[in-house]
Amino acid sequence: MNREMTGESGEFAVRAEGLCRRFGALQAVRDLSFAVARGEIFGFVGPDGAGKTTIMRMLAGVLLPDKGEIFLEGIDVVAEPERAKPILSYMPQRFGLYEDLTVAENIFFYGELFELPWRVRRARARQLLQAAGLLSFERRLAGQLSGGMKQKLGLVCALLHTPKVLLLDEPTTGVDPLSRRDFWAILYNLRESGVTILFSTAYMDEAERCSRLALMHEGEIRLCDSPARLKAAMPGALLEVVSADPRAAHKALTGAPGVLGLLLMGDRVHVRVDNALRRKGELEARLLGEGVGPAAIQPIEPGIEDVFVALLGQEGAA
Amino acid sequence: MFERLEAILVKEFLELRRDPWAIFRLIIPLALQVIVYGYAATFTVHHVATAVLDLDNSEASRSLISHFLATRRFDIVDFADRQSTVTRDLDSGKATLAIVIHAGFARDLASGRGAPLAVAVDGTNSNTALISLGYVGEIVSRFEAEEAAKASTVKAGAAPPTVTVSLEERPWFNSGLEDRWFFIPGVIGTLTLVQVVNLTSFAVVREREVGTLEQIMVSPIRPVEFILGKTLPFFLIGLADVALVTLLGVLWFHIPFVGDPFVMLYGASLFLLATLGLGLLLSTFSRTQQQAFALNFFLINPIFILSGFAFPIAAMPRFLQWLTFLNPLRYFLIVIRAVFLKGVGLSDLWQEFAAMALLGVVMLGLSVLRFKKSLD
């Protein structure tokens, strides 16, 4: 294991060593090792099928690895999954809410499963519902909540028993921006109180929020570091091309001298070049020459998606 | 040890209460089916275990018995020496039919006054009873014809010898041989089985489909607690089903209930244990509700056919007869018909009780073992 993968602290909340898992002919996760320090927000980022859900389920102790070790707060999850359960919380992509029960009844049920004393549960539920903006919906059926609200209710249920390690599998997929903001506010608060958070996402913008990232591809971790260091390590520099016809611009710039990579991002094109200052003028001239029309070109800071694409090529884009 | 059981139970009843269609799903189809069966179902069956009591012990009486033996339609399981033995054979189910030849049979036959022959039938299975009575009639008339032919060669012009067959009055046995008396108790077992197996397997598979099962399994709950929590409500619903259909049978169709309600309760409890086990086991083989449905559909019919509800097990090929031993419904039908119509108790039914308990324990045990694995 190299230094980047182990984080700064010597004390790990989560440590995995040589994890492998295969489903039939598909090697979902291959020889995966990483360690997460207490209080970190650690993100697994990668396209669908990169093995993110498989890792989460193995960490939660509901799926056995074919090979490898997992330790959560010193507990061997593979050998003794039952011992790890009280200290961890796992939220799958779709949290299992009972849609025919109310918000309060769902909370009651999950509280009972962890045998929380009534008073503790009540106080904690209030505080969490408040933070999630769900306090006024206590008596509504879970099935009648919006997607974002359901996901926040799932988080409330998952946090009732104050876990030390929180595992979130694509928690904000299909969640509206406002709910997403509430969601992240709760996660940041948790980190303050020393909870270790591991989450997976296919959203690159969300990846920027973690303290460290593991870029995943085909069941392997390709790079693992803080978002800032990952960006700094990206070879080349980035130019943003804003054009009336971004597709034509993308086509015109393909294969231009000094261009290392191109990424179409909605109405603009991210162009990775060997030297931003030198190439800016060249690209402008090329676009005019190819008849694409005038375009605004300026250097920008790379995002995680740019890093990912630089690393893996187009196949790595979500 | 079962701290988290309560959580599941409370949740199940909340969900049930929230479901406005529960009453329609749980009660109305059942009641309708009982009524349809009660009015519409009728038909007929053979091979009869027979007890014989020959109090005359004459040449004529032995000749009549040999006529019964010759047809091979009656298997004589007991040559009794007194009336109480015959009664015991019928009560225990050892014999389905009893033939009692009273003293003076030969004398009355010769005199042409009509020799008395008493026949007692276990009417709990009215099909078997009707058919076997028909055979008795046939055999007796053949016997009469032969005796008449013999008599005429000896003494022309005398009155022909006749046998008067009387059906012994056994009120606790379905003396009127009403199909309905036979069917309704059977319907109780059959409908309860279908209802409970369906409910159980669907309920667990639904939790899997919705994703709540995974959520529950990452909590510290143990599989046993979850399974008990899921099945206990259906156990209670099953008992209510049995009570409902029994009441309908007794109050609407006037089926006599001569047995001990507690024997029925014990029997129903063991039967439900086995059906819950079956439902759970099916759920561990299904990922989706469609799969559960297909599996149920595949199994319910054979269970029904191999139960003795309609088609007598004794008439099935040996291999199928063996299969029926794995069928909880087979045992419960025996219990329920016996309790309804015969009023026999635990001492006569302990084998059926033991079989149902064994099936229940094995299937529930397998479900618990398979349950964890099935998450993968």
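Student: How do H10(B) and H11(B) lie to each other?
Tutor: This is a predicted model. In it, helix H10 (residues 223–251) of chain B packs on H11(B) at an angle of about 135 degrees. H10(B) and H11(B) are therefore oblique to each other.

Student: And how far apart are the axes of H10(B) and H11(B)?
Tutor: The axes are 9 Å apart. The crossing of H10(B) and H11(B) is right-handed.

Student: Which residues of H10(B) and H11(B) make the contact?
Tutor: From H10(B), they are Ile227(B), Thr231(B), Phe234(B), Phe235(B), Gly238(B), Leu239(B), Val242(B) and Thr246(B). H11(B) brings Met264(B), Leu265(B), Ala268(B), Ser269(B), Leu272(B), Leu276(B) and Leu280(B).

Student: How many of those are charged in the contact of H10(B) with H11(B)?
Tutor: No charged residues there; the contact has eleven nonpolar and four polar ones.

Student: OK, something between chains. How do H4 of chain A and H1 of chain B pack?
Tutor: Helix H4 (residues 103–113) of chain A meets helix H1 (residues 5–18) of chain B at an angle of about 160 degrees, and the axes are 8 Å apart. Because of that angle, H4(A) is roughly antiparallel to H1(B).

Student: Left-handed or right-handed, where H4(A) passes H1(B)?
Tutor: Left-handed.

Student: Which residues in H4(A) and H1(B) meet?
Tutor: On the H4(A) side, Glu105(A), Phe108(A), Phe109(A), Glu112(A) and Leu113(A). Among those in H1(B) are Ile8(B), Val10(B), Leu14(B), Arg17(B) and Arg18(B). By class, the contact of H4(A) with H1(B) has seven nonpolar, no polar and six charged residues.

Student: Now within chain A. At what angle do H6 and H7 of chain A cross?
Tutor: At roughly 15 degrees, for helix H6 (residues 147–159) of chain A and helix H7 (residues 177–192) of chain A, with axes that come within 9 Å. That angle is why H6(A) counts as roughly parallel to H7(A). The crossing of H6(A) and H7(A) is left-handed.

Student: What does H6(A) put into the contact with H7(A)?
Tutor: Gly148(A), Met149(A), Gln151(A), Lys152(A), Leu155(A) and Leu159(A). H7(A) answers with residues including Asp182(A), Phe183(A) and Ile186(A). The residues of this contact of H6(A) with H7(A) divide into seven nonpolar, three polar and two charged.

Student: Which domains does chain A have?
Tutor: The domain assignment gives domain 1 (3–231) and domain 2 (235–301). The C-alpha centres of domain 1 of chain A and domain 2 of chain A lie 38 Å apart.

Student: Last topic, confidence. What is the mean pLDDT of chain A?
Tutor: Chain A has a mean pLDDT of 85, with 95% of its residues at 70 or more. Chain B averages 80, and 86% of the residues score at least 70.

Student: Where does pLDDT stay under 50 in chain A?
Tutor: Over residues 1–10 of chain A, for which the model has 20 contacts beyond four places in sequence. In chain B, pLDDT stays under 50 over residues 42–46, with 15 such contacts.

Student: Which element of chain B has the lowest mean pLDDT?
Tutor: Strand S5 (residues 163–167) of chain B, at 61. Helix H11 (residues 261–283) of chain B has the highest, 91.

How values were computed. Residues are numbered from 1 along each chain as its sequence is written. Chains are lettered from A and ligands numbered from 1 in the order in which they are written. This is a predicted model: local features need pLDDT of at least 70, side-chain atom pairs count only at pLDDT 80 or more; totals for chains, interfaces and linings use all residues. Side-chain values use heavy atoms; hydrogens and water are left out. pLDDT is the predictor's confidence in each residue, from 0 to 100. Helices (H or I, at least four residues) and strands (E, at least two) are DSSP runs, numbered from the N terminus. Contact means heavy atoms within 4.5 Å. Domain bounds come from an automatic or database domain assignment. Axes are lines fitted to C-alpha atoms, for helices over the stretch in contact, and angles run from 0 to 180 degrees between N-to-C directions. Angles under 35 degrees count as roughly parallel, over 145 as roughly antiparallel, 65 to 115 as roughly perpendicular and the rest as oblique. A crossing is left-handed if the near helix is turned anticlockwise from the far one by less than a right angle, and right-handed if clockwise. Ala, Val, Leu, Ile, Met, Phe, Trp, Tyr, Cys and Pro count as nonpolar, Asp, Glu, Lys and Arg as charged, and the others, Gly among them, as polar.
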